[in-house]
Amino acid sequence: MKISDIIGSDPWKPAPAAPVVGFDIGSRGSKGVLLTPDSIYTTFIPTGLYMQETADELLARLLKEAKLRRRDIAYVVGTGYGRISLAYKDIPYQVVTEITCHASGAHALNPRTRTIIDIGGQDSKAIKVDPATGRVLEFVMNDKCAAGTGRFLEKAAVLLGLELDKLGDVSLQATEPAVISSQCVVFAESEMISLRARGERHKDGAAHANIAAGIHFASARRVKSLLGRVGTEPDLVFTGGVANNPGMRHALETLIGARFVPAPIDMIYAGALGAAVHAGRHQAAAAAAKQAGSAAPPRRRAATAAEKPALAHTA
Amino acid sequence: MTNSLFSADLLPIHALIEAEQQAFIADEGGRKRAGYFCAYTPPEILNAAGLRHARLFKAGSPEIVSQGERYTQSVFCDFSKSCIGAFDKEGGDPFYHAVDKLYTFHTCASMKRAAEVIEQFVPTTLLNLPRLRNEAASRDFFRSEILHYRDDVAELVGRAVTDSEVSAQIALYNKVRRLLRDFSELRKRPNPPLTGLDFLELVRGFYYLPPATLLTAYEKLYQKLARTHDDGSRPIRLMISGSIMADGDRRLVELIEREIGARVVVEDHCTGYRPFAHTLREDGDPFAALADGYLDQAPCARMKPLDDSLDFSTGLAEEYGVDGVIYVYLKFCACYGVSKLEFLDRLTASGVPVLEISSDYSVSDIGQLKTRVEAFLEVLQGQRDDRIETNSKEHVHG
């Protein structure tokens, strides 16, 4: 896809000088974004048992789609919980956390972004972004617990006998959302079971919708509590796989009392896009350093912050 | 030990600590052995009586936690569960089993209840610590509790503990506190010659080693570290603030220093720098000196007014020039868990970025912990880069 189709015809600041790739290896799904100076390619596969194989598969798909060869890729940045297990012999590689990447990704698409809610397979996060730089100002991440994450919704869908991608739509049909108070997915599950047991046969459809809505509101309350320190300054942006769930979007907007700004691409790719943006910066810094190196004695600091890998792990 | 959690310079000290623990367990010399939990228990009295003694703060293993859970509800912190679990005759810790007498000036409710459970395993004397640290009545009361403590200790060893013996111990422990403070001072350098893990090991030594042994070993090390050459690196500087960081709970600092390469340069908790920030009066009534000295030490969050704790925390962050603070507390901690917002707000208001982490001794959350800490350090690195950029611009235009 042409970047101008997404962003408009103004020059896009994060555009890289050479093809770069960002991977977001999540707990459930893995995302890849390939950026060229004028195009963006995205791909998604379920995360496999071996992270490197998953990343290799993502890269193969992206190269095929972009009609590029492996050696055309100037830089790769990995993020997501599988980021550490990646290694490349032939491509420069850096690691950046998904918190920083979601901020960069959302900011690259919409420079007015100030607040991000990211809900993925096993994590949810609230991130406050500096609109001037796209940098993270503050963030809060959920506790080690599935409440308020994609996993919770997955469990709920199974219990209601629904496909995961239908759960949100069904919840929007609710007439009276069920009250599910448990903070814990295990207890919420038993609450759901007793609610289901109470549902009369002919009202099954309505009961399902009400329970589904209750589940979304329970999750959304959990996520909303993350916003305490981060705030809800607009533009408010929803990223991560759960951003595609209209039930969750509705529940969050209702509880927060504010609307999410519509995104120009599927926001499951926000983290991978952010990783690709970082890859572009690393590539630029490396090129600048190389040039400076051939022209003059090496300087201690290059111009950009991205050049400094002090916190990244060179795999 | 190639994979030790501290620098090679500390190996002799680590060996001393291990040897002391073995001697404690093996009952070498046949001296009575006393243990205590909280940093408000003056070891001066124990040492004056010639006891072998140690602070009991080994924890971090999930097995010991579940051992303790047989006696508590789930909503006790993992540290208090570990204290019970380690004393439990089945599957506990041999070091704890070797304790002849437990003394505890309890701080929080969990530790008080834990001590009451532990009474069934070992003779225990539970003493009271006043909360209102600035009241004259608190000081008088605390002094009388310390006298009870002295009498109890005297009964244990079968001889009197004299005022002059106690005074001598106050002077000796002051010397040790000053030395630990000097070690910490070295961490104010832009490139500290000792890591946070090193300092934690030194504090560990404080709680296991006899002070005389400690002074000999530590003074030598101090001279060496003070001469360390600055190689020019400028790691990100962090303060850890919050609840106890047990002997055995190293995963956060290990992650920060070993995996990410930042530095913990000071701790606002009772197993780091905090107990050494203050020294005791050396003249006059030694028991009044102990009462005042321990109430005047940098306060635990259970003390009132909480403002004293908040002032200390923000002051320390500034004094050590930290880039950020990690506020970490044990889940269900009734002191640091409940006062977290006051700490977070005050630190943030003072201009220091702060990351909140609630922790326990399970191992399943290490991935999430890593993501949080790494992301926080990315934020701090970004801010530092911005500062450098602004400074260099000002430099060019100025």
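Guide: In chain A, Asp235(A) is found in the loop between helix 7 (204–230) and strand 9. Helices (H or I, at least four residues) and strands (E, at least two) are DSSP runs, numbered from the N terminus. This is a predicted model, in which local features need pLDDT of at least 70, side-chain atom pairs count only at pLDDT 80 or more, and totals for chains, interfaces and linings use all residues. Residues are numbered from 1 along each chain as its sequence is written, while chains are lettered from A and ligands numbered from 1 in the order in which they are written.

Visitor: Is the peptide bond from Pro234(A) to Asp235(A) cis or trans?

Guide: Most residues other than glycine have a negative phi, and most peptide bonds are trans. The bond that leads from Pro234(A) to Asp235(A) is cis, with omega near -5°. In chain B, the peptide bond from Lys304(B) to Pro305(B) is also cis, with omega near -5°. Pro305(B) has its place in the loop between helix 12 (286–296) and helix 13 (306–319) of chain B.

Visitor: What is the phi of Lys67(A), and is this a positive or a negative value?

Guide: Lys67(A), a residue other than glycine, has a positive phi, near 55°. In chain A, Lys67(A) is found in the loop between helix 2 (51–66) and strand 4 (75–79). A second example is Phe332(B), with a positive phi near 75°, in the loop between strand 7 (324–330) and helix 14 (340–349) of chain B.

Visitor: Does Lys67(A) count as exposed or buried, and why?

Guide: A residue is buried if 20 or more other C-beta atoms lie within 10 Å of its own, exposed if 12 or fewer, and partly exposed in between, with C-beta atoms placed from the backbone. Lys67(A) counts as exposed because it has 8 C-beta neighbours inside 10 Å. Phe332(B) has 19 such neighbours inside 10 Å and therefore counts as partly exposed.

Visitor: In what sense do strand 2 and strand 3 of chain A pair, and over how many bridges?

Guide: Two strands pair if DSSP finds at least two bridges between them. Strand 2 (residues 29–35) and strand 3 (residues 40–46) of chain A pair in the antiparallel sense, over seven bridges. Val33(A) has Thr42(A), in strand 3, as its bridge partner. The two strands are joined by a hairpin through four residues.

Visitor: In what order do the four strands of the open sheet in chain A stand?

Guide: The order is 8-7-6-9, and the pairing is mixed. Strand 8 (135–141) and strand 9 (236–239) of chain A are at the edges with a single partner strand each, so one side of each has no neighbour in the sheet. From one strand to the next, the twist averages 20°; axes are lines fitted to C-alpha atoms, for helices over the stretch in contact, and angles run from 0 to 180 degrees between N-to-C directions. Within this sheet, strand 6 (residues 115–119) and strand 7 (residues 124–130) of chain A pair in the antiparallel sense over five bridges. Ile117(A) stands opposite Ala126(A), which belongs to strand 7 of chain A.

Visitor: Which helix of chain A lies across strand 6, strand 7, strand 8 and strand 9?

Guide: Helix 3 (residues 98–109) of chain A lies across these four strands and runs at about 55° to strand 7.

Visitor: Into which domains is chain A divided?

Guide: Domain bounds come from an automatic or database domain assignment. Chain A is divided into domain 1 (3–109 + 268–307) and domain 2 (115–262). Their C-alpha centres lie 29 Å apart. Two residues are in contact if their C-beta atoms, placed from the backbone, lie within 7 Å. By this rule, 15 residues of domain 1 of chain A are in contact with 19 residues of domain 2. Helix 3 gives the most to the domain 1 side, with nine residues.

Visitor: How many residues does the contact take from chain B and from chain A?

Guide: The contact takes 16 residues from chain A and 17 from chain B. On the chain B side, helix 15 (residues 366–397) gives the most, with 12 residues.

Visitor: How many helices and strands has chain B?

Guide: Chain B has 15 helices and eight strands. Buried residues are 48% of its 398 residues. Along its principal axes, the C-alpha trace of chain B spans about 75 × 45 × 45 Å.
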